[in-house]
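This briefing covers the ligand site and the aromatic pairs of the structure below.

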Amino acid sequence: MKFFIDTANIDEIREAHSMGMVDGVTTNPSLIAKEGRDFEDIIKEICQIVDGPISAEVISTDTEGMIKEARHLAKIHDNIVVKIPMIVDGLKATHRLAEEGIKTNVTLAFSPLQALMAAKAGATYISPFIGRLDDLSQEGLLLVEQIVEIYSNYAFDTEIIVASIRNPLHVLESALMGADIATIPFSVLGKLAAHPMTDKGLKAFLDDWEKTKK
Ligand code: G3P
């Protein structure tokens, strides 16, 4: 499974990258706004750090506007993937951009049929938002399971980026289902690595080692 990091924070990206955990980066307008810096400056800086797909999202909601933004963003770096919202105009833009060879990540997907349509339109990636479904008492992971099955049934090339991840179980279950990618917030990445028995065992080893010096 590939790990992307779901942040626009450069310090978090550098730290996760130094752990060897960053195969790519996803951003969105909310994550960019949190940084209080110029959008393109942030995207360019991320491209210097990570050699993998970097998602940058359009703001337009009409097809022509999305295509114009996408062409501009795609020129920033070969690794740019243009994030397109899962609306009808977004499907049209995705289809046209696929013909131009511009990679897309269809975002804000909440149903398996949306994911099927995105794949048919030629999306490079689909981003099901599972945490936001859980927030509504709907099973986010069921959506991932259904998309994995549909894409496998029809051998779509579109890769699944499990997004809106809130906890380690989201990552574990997505990996067991065979989702291609998990885009993980920095806070959750730390939780994946941690185990109290590791800390307890390490402390015991170091305490015992100290005893050998007495
Ligand atoms: O990158 C999009 C997605 O991961 C957002 O997550 O936590 O805002 O639902 P969240």
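**Ligand site and aromatic cluster**

A polar side-chain atom of Ser164 is 2.7 Å from an oxygen atom of the ligand, a polar contact (a pair of N or O atoms within 3.5 Å). The protein buries 83% of the 310 Å² that the ligand exposes when taken alone (Shrake-Rupley method, 1.4 Å probe). This is a predicted model, in which local features need pLDDT of at least 70, side-chain atom pairs count only at pLDDT 80 or more, and totals for chains, interfaces and linings use all residues. Residues are numbered from 1 along each chain as its sequence is written, and side-chain values use heavy atoms, with hydrogens and water left out.

**Ligand shell**
- Around the ligand are Asp6, Asn28, Lys83, Phe129, Arg132, Ala163, Ser164 and Arg166, each with a heavy atom within 4 Å of the ligand.
- This shell comprises 2 nonpolar, 2 polar and 4 charged residues.
- From an N or O atom in the side chain of Asp6 to a ligand oxygen atom is 2.5 Å; for the side chain of Lys83 the distance is 3.3 Å.

**Aromatic pairs**
- The structure holds 4 aromatic pairs (ring centres within 6.5 Å).
- Tyr151 and Phe156 pair edge-to-face, because their planes stand at 65°, with centres 5.6 Å apart (edge-to-face is over 60 degrees).
- Tyr151, Tyr154 and Phe156 make up one aromatic cluster.

**Accessibility in the cluster**
- Tyr151 is buried at 5% relative accessibility (buried is under 20%).
- Phe156 is partly exposed at 24%, and Tyr154 is exposed at 59% (exposed is over 50%, partly exposed in between).

Terms used
Polar contact = N/O pair within 3.5 Å; in protein donor to acceptor, adjacent residues only side chain to side chain. Nonpolar A, V, L, I, M, F, W, Y, C, P; charged D, E, K, R; others polar. Phe/Tyr/Trp six-rings, centres within 6.5 Å; stacked < 30°, edge-to-face > 60°. Buried < 20%, exposed > 50% of the residue type's maximum accessible area, 1.4 Å probe, protein only.
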